Amino acid sequence: CAHSHLNLKSPLFAPNPIFMKKTSAIISFMILLLAGCGETDKPTNSVNAIDNDQLFSEVMKIHDEAMARMGELNTLKRELQSEQMKVDSTSRLYDSLVSLVLQLERADEGMFDWMGEFKDPRTSLSQENAKVYLEGQLTMVKKVADDIDNSIDAGANILTQIRKDDE
C-alpha cells in the first residue's frame, strides 16, 4: 500500500503555529458569537415580569375608569327610555333614542363580556405569552372603554338637546 510509507515527520505534516493561532482565534470568536446569539434581544424574565405587571396595571386602570362610568351609563339609558315613551314611535327622534339605548346596552354588555373572559395570565402563562395576552387585552379594554365613553357622550348630547327643546 502506497500510504503506508508516509513520512509523518516530514515538514509537510509538522504543526504550523501561525495556522493554529488563527484557527484557535476563529474558533474562539465563533463560540463567543454563538453563545451570545439570542441573549441580546431577549429581556430577562424579571424584566418581562415587570413589563407584564405594568401592562396588567394599565389594563386594570382602564377597566376601573370605564367601570366608574357604568352607573352614569345605566342612568342615561333609563332617561333615554323614559324620553322614548314620550315620543311618537314614527318620528326620527324615536329611532335615534332606540339606537342610542341599544348603543348603551351594547357598551354595557361589552364590559361584562370582557370581564367574564379576562384572566390574569401572569401566573398561568409563560412571561412571553402573558405579555402577548395582556397586550391583546389592553387593546380590547380600550375599545370597551371607548364604546362606553362614546355611547354616554352620544346619549347625553341627545338628552341635552331634548331638554333644550322642551324649554
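**Entry 1: what I am looking at**

I reminded myself that this is a predicted model.

**Entry 2: helix 3 against helix 4**

I began with helix 3 (residues 70-86) and helix 4 (residues 92-117). Two packed helices are described by the angle and the distance between their axes, so I looked up both. The axes come within 9 Å and cross at roughly 155°. An angle over 145 degrees counts as roughly antiparallel, and helix 3 and helix 4 are therefore roughly antiparallel to each other. I also noted the hand of the crossing between helix 3 and helix 4, which is left-handed.

Which residues make the contact? On the helix 3 side I listed Met 70, Leu 73, Asn 74, Leu 76, Lys 77, Leu 80, Gln 81, Glu 83 and Gln 84. From helix 4 I wrote down several, including Tyr 94, Leu 97, Val 101, Leu 104, Asp 108 and Phe 112. By residue type, the contact of helix 3 with helix 4 divides into 13 nonpolar, three polar and four charged residues.

**Entry 3: Thr 75**

While in helix 3 I stopped at Thr 75. Thr 75 is partly exposed, at a relative accessible area of 34%. I then checked Thr 75 against Ile 152: 77 residues separate them in sequence, and their C-alpha atoms are 10.0 Å apart in space.

**Entry 4: salt bridges**

Side chains of opposite charge can pair when their charged atoms come close, so I went looking for such pairs. How many salt bridges does the structure hold? I found eight, and I wrote up three of them here.

Arg 122 pairs with Asp 53, with 3.0 Å between the closest N and O atoms. Arg 122 sits in the loop between helix 4 and helix 5 (127-166) and Asp 53 in helix 2, so this pair ties together parts that are 69 residues apart in sequence. I found both partners partly exposed, Arg 122 at 28% relative accessibility and Asp 53 at 36%.

Arg 69 pairs with Asp 149, and here the closest N and O atoms are 2.7 Å apart. Arg 69 is in the loop between helix 2 and helix 3, while Asp 149 is in helix 5, so the pair links parts 80 residues apart in sequence. Asp 149 is partly exposed, with 26% relative accessibility.

Lys 61 and Glu 65 form a salt bridge with 3.6 Å between the closest N and O atoms. This one stays inside helix 2, where the two residues are four apart, about one turn of the helix. Lys 61 is exposed, with a relative accessible area of 53%, whereas Glu 65 counts as partly exposed at 46%.

**Entry 5: Asn 52**

My last stop was Asn 52, in helix 2 (residues 45-67). Is Asn 52 buried or exposed? Its relative accessible area is 1%, and under 20% counts as buried, so Asn 52 is buried. I set aside its neighbours within four places in sequence and looked up what else Asn 52 touches: Arg 122, Gln 127, Ala 130, Lys 131 and Leu 134.

How values were computed
Residues numbered from 1 in each chain as written. Predicted model: local features only at pLDDT ≥ 70, side-chain atom pairs only at ≥ 80, totals over all residues. Heavy atoms only, no water. Buried < 20%, exposed > 50% of the residue type's maximum accessible area, 1.4 Å probe, protein only. Contact = heavy atoms within 4.5 Å. Axes fitted to C-alpha atoms, helices over the stretch in contact; angles between N-to-C directions. Parallel < 35°, antiparallel > 145°, perpendicular 65-115°, else oblique. Left-handed = near helix turned anticlockwise from the far one by under 90°. Nonpolar A, V, L, I, M, F, W, Y, C, P; charged D, E, K, R; others polar. Salt bridge = Lys/Arg side-chain N within 4 Å of Asp/Glu carboxyl O.
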